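Open the model in your viewer and keep the selection tool at hand.

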Amino acid sequence: MSLFSGFEISGSALTAERLRMDTIANNIANVNTTRTAGGGPYKRQMPVFQAKPPAFADFISQSRGQYQGVGQGVRVVGIVEDPAEPRRVFEPNHPDAGPDGYVRYPNINIVAEMVDLISATRAYEANVTAINEGKAMMQRALDIGRV
Amino acid sequence: MDNLFFDPTIKILHRSMDASALSHEVISNNIANVNTPEFKRSEVSFKDQLQKALTGTPDLQGQRTHPSHIPIGGSPSLDEIKPVIFRESETTMRNDGNNVDIDAEMVKLSQNSLEYGALSQLIRQKITMIRNAIIGR
């Protein structure tokens with residue numbers, strides 16, 4: 001329980017938000033991809049965030065009823081595909097058109113992706129600010145005994 | 001000699017700094033989980049307990065006739081208080097169950113950082129006073 005674990009908490013959030021930004025970038029890059037290695041159009045990917053529980057040592061204190069431990073940040077437990085139906089566009093001359101003449105395009109809404117990207121960027125900046133404040137606090141503490 | 005180094009001022013400042021460092025950790029965790037669904041924010045409570053320990057306003061205090069009687073009520077001493085982490089599980093900020101208000105958290109972060117700086121400054125001044133008394137300036 002010190003300021004150093006504050007850095008790890010914020011660091012975990014930086015990693016998670018960066019992964020989210022990469023996922024969004026991948027979605028935007030593949031907005032018109034009709035063919036993937038696994039067959040079918042590209043499916044939108046979403047990261048799943050989970051809050052990391054407090055460290056084990058805190059559970060001992062918690063069981064004694066003293067206090068509830070501090071969570072250890074956030075982690076990405078996986079990247080799932082959006083199960084929504086793909087967009088269907090009538091293009092009979094497209095090489096990937098089905099027998100009914102419809103091509104299936106990915107179910108990605110650019111505007112929604114942009115909003116998610118902004119949200120991820122702001123969260124990243126907020127965590128960087130938290131790290132800077134932690135650093136400032138440690139420097140003030142190191143100044144205590146200085147002549 | 002004990003009063004030189006272990007007087008209540010240093011003890012109070014030390015414990016307040018501990019609470020402030022824990023508060024920084026808790027606020028960092030809240031900010032880290034701003035986009036996590038179903039996450040509920042936590043916060044640290046210490047000032048009330050410090051107030052009770054300092055002003056010593058007892059509620060109803062049980063009478064103890066033997067040292068091993070369990071204390072009932074009364075105010076804790078400075079050595080017994082510690083910061084407590086509360087989870088605010090009743091409110092919701094967004095549709096996914098997350099209740100972290102990023103603006104409020106950033107404000108709390110700055111306030112806490114300034115408080116920590118002020119406390120460290122107070123400890124420095126206290127040590128400077130002791131040093132001046134020793135040197136005799």
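Select A:Arg20 first: its relative accessible area is 16%, so it is buried (buried means under 20% relative accessible area, exposed over 50%, partly exposed in between, with a 1.4 Å probe and protein chains only). This is a predicted model, in which local features need pLDDT of at least 70, side-chain atom pairs count only at pLDDT 80 or more, and totals for chains, interfaces and linings use all residues. Residues are numbered from 1 along each chain as its sequence is written, chains are lettered from A and ligands numbered from 1 in the order in which they are written, and side-chain values use heavy atoms, with hydrogens and water left out.

A:Arg20 and A:Glu17 form a salt bridge, with 4.0 Å between the closest N and O atoms; the term stands for a side-chain nitrogen of Lys or Arg within 4 Å of a carboxyl oxygen of Asp or Glu. A:Glu17 is buried, at a relative accessible area of 0%. Helices (H or I, at least four residues) and strands (E, at least two) are DSSP runs, numbered from the N terminus. An α-helix has 3.6 residues a turn, so residues three or four places apart point the same way.

**Other salt bridges**

Next, select A:Glu113 and A:Arg44, a salt bridge whose closest N and O atoms are 2.7 Å apart. The pair links distant parts of the chain, 69 residues apart: A:Glu113 is in helix α3 (residues 110-142) of chain A, and A:Arg44 is in the loop between α1 and β1 (45-51) of chain A. Both A:Glu113 and A:Arg44 are buried.

In chain B, pick B:Lys47 and B:Glu115, which form a salt bridge with a closest N and O distance of 3.4 Å. B:Lys47 belongs to helix α3 (residues 47-55) of chain B and B:Glu115 to helix α4 of chain B, so the pair ties together parts 68 residues apart in sequence. B:Lys47 is exposed at 56% relative accessibility, while B:Glu115 is partly exposed at 32%. Back in chain A, salt bridges that share partners join A:Arg44, A:Asp82, A:Glu113 and A:Asp116 into one network. Over all chains the count is 12 salt bridges.

**The interface**

How many salt bridges are there between chain A and chain B? The count is zero. Colour by chain: 38 residues of chain A are in contact with 36 residues of chain B, contact being heavy atoms within 4.5 Å. The two chains bury about 2900 Å² between them, 63% of it on carbon and sulfur atoms; buried area is the accessible area (1.4 Å probe) that two parts lose on being put together, summed over both. The predictor gives the complex an ipTM of 0.81 and a pTM of 0.82.

Select A:Ser10, in helix α1 of chain A. A:Ser10 is buried, at 1% relative accessible area. Not counting residues up to four places away in sequence, A:Ser10 touches A:Asn127, A:Ala130, A:Ile131 and B:Ser28.

**The cores**

Now show the largest nonpolar core, which has 11 residues, among them A:Ile9, A:Phe49, A:Val74, B:Leu22 and B:Ala32. A nonpolar core is a set of buried Ala, Val, Leu, Ile, Met, Phe, Trp, Tyr and Cys residues joined through side-chain atoms within 4.5 Å. The elements that give two or more residues to this core are α1 (3-29) of chain A and α2 (8-32) of chain B. Apart from this core lies another, of eight residues, including A:Met137, B:Ala21, B:Tyr116 and B:Ile123.

**Helix α4 of chain B**

Select residues 102-135 of chain B, helix α4. At 1.5 Å a residue (the expected span is 1.5 Å times one less than the number of residues), its 34 residues should span 50 Å, and the end C-alpha atoms are 49 Å apart, which agrees. Buried residues of α4(B) include B:Glu105, B:Asn112, B:Tyr116 and B:Lys126. Just after α4(B), B:Gly136 takes a positive phi of about 90°.

Finally, colour chain B by pLDDT, the predictor's confidence in each residue, from 0 to 100. The chain averages 84, and 86% of the residues score at least 70. Confidence in chain B is highest in α4(B), at 92, and lowest in helix α1 (residues 2-5) of chain B, at a mean of 67.
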